[in-house]
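Please consult the sequence and the three-dimensional model while reading the points below.

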Amino acid sequence: MAGHDNIFAAPIDKIGDFTFDERVAEVFPDMIQRSVPGYSNIISAIGMLAERFAKPHSKVYDLGCSLGAATLSMRRHIQQEGCEIIAVDNSSAMVERCRLHINAYRSDTPVQVVEADIRDIEINDASVVVLNFTLQFLAPDDRQTLLEKIYAGLRPGGILILSEKYIFDDERAHELLIDLHHDFKRANGYSELEISQKRSAIENVMLPDSIDTHKQRFEKIGFTSSEVWFQCFNFGSMFAIK
Ligand SMILES: Nc1ncnc2c1ncn2[C@@H]1O[C@H](C[S@+](CC[C@H]([NH3+])C(=O)[O-])CC(=O)[O-])[C@@H](O)[C@H]1O
Ligand SMILES: O=C(O)C(=O)Cc1ccccc1
């Protein structure tokens, strides 16, 4: 069963790059809940957005699904006939546990859990695509290409939901929002050591963009409407509609 995240609790000699391995998968629900402000609200709202935007006989993608939280929320809400959810992650530890979570409940909406790199999969006939805190882990040079592939695979009127950690151009605002995020982690029981070791582990593998960068990229690709619909400190979620 899922456990308590103490991955960065003891001093680590040489902090390596953060990976989504067995240890992380084992404590992931606790880790993400205690680390990402607004995570539960975002998961609920993804279900509500999927309920509105999922079209009969279309596909719904959850890219970087981890344990399938967004997939489960969407599956609970989708009423349309003939929808199929495709949940994709390239961590075998996550995919294995995701399948167990999904199979624990029955539903009329089928879910296919695929172990693959989201840069390699095909996206077709989609009414909803979710990138819930996944794009930030791709190399910056790969982000535009992935978003173009998503746009091409969306039906007109289809929606992309993109949740991310953000950077801010104004240095004071940027520092304040990071401090508030660290306060949030402290309030959730993380020590100074855990906060600083985790920061070192993710600094090379997670390079966030600004909200402006996301908006400009959406516009350049051709999305007709995009907006931030949720923000808490330096974390938030946007939608982009084709
Ligand atoms: N190239 C890639 N291809 C496939 N998967 C990838 C790739 N890069 C990273 N991942 C996967 O993206 C997920 C990011 S976590 C998403 C939370 C989830 N969406 C949630 O709603 O709970 C966010 C976080 O931990 O901050 C991990 O499971 C990686 O294995
Ligand atoms: O924990 C942090 O400081 C984060 O920025 C969020 C996060 C959550 C889970 C895995 C990697 C990063």
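In this predicted model, a polar side-chain atom of K185 lies 2.7 Å from an oxygen atom of ligand 2. This pair is a polar contact, that is, a pair of N or O atoms within 3.5 Å; within protein, one must be able to donate a hydrogen and the other to accept it, and residues adjacent in sequence count only if both atoms are side-chain atoms.

**Ligand 2**
- The side chain of K165 places an N or O atom 2.7 Å from an oxygen atom of ligand 2, and the side chain of K198 places one at 2.9 Å from an oxygen atom of this ligand.
- Of the 320 Å² of accessible area that ligand 2 has on its own, the protein covers 95% (Shrake-Rupley method, 1.4 Å probe; for residues, only the protein chains shown count as cover).
- Two or more residues of the shell come from each of α1, α6 (171-187) and α7 (192-202); helices are DSSP runs (H or I, at least four residues), numbered from the N terminus.
- The residues surrounding ligand 2 include F18, M31, H181 and F235, where near means that a heavy atom of the residue lies within 4 Å.
- By class, this shell holds 6 nonpolar, 2 polar and 3 charged residues; Ala, Val, Leu, Ile, Met, Phe, Trp, Tyr, Cys and Pro count as nonpolar, Asp, Glu, Lys and Arg as charged, and the others, Gly among them, as polar.

**Ligand 1**
- Y39, G64, S66, D89 and N132 come nearest among the 22 residues around ligand 1.
- Nitrogen atoms of ligand 1 lie 2.8 Å from a polar backbone atom of G64, 3.1 Å from a polar side-chain atom of D117 and 3.0 Å from a backbone N or O atom of I118.
- The protein covers 94% of the 660 Å² of accessible area that ligand 1 has on its own.
- Helices α1 (22-35) and α2 (39-53) each contribute at least two residues to the shell, which comprises 13 nonpolar, 7 polar and 2 charged residues.

**Helix α5**
- R143, L146, L147, I150 and G153 of α5 are buried (under 20% relative accessible area; exposed is over 50%, partly exposed in between; 1.4 Å probe, protein chains only).
- These residues lie on the same side of α5 because they cover an arc of only 125° around the axis, taken from the directions from the helix axis to the C-beta atoms.
- On the other side of α5, D141, T145 and A152 are exposed.

**Conventions**
- Residues are numbered from 1 along each chain as its sequence is written, and chains are lettered from A and ligands numbered from 1 in the order in which they are written.
- Local features need pLDDT of at least 70, side-chain atom pairs count only at pLDDT 80 or more, and totals for chains, interfaces and linings use all residues, while side-chain values use heavy atoms, with hydrogens and water left out.
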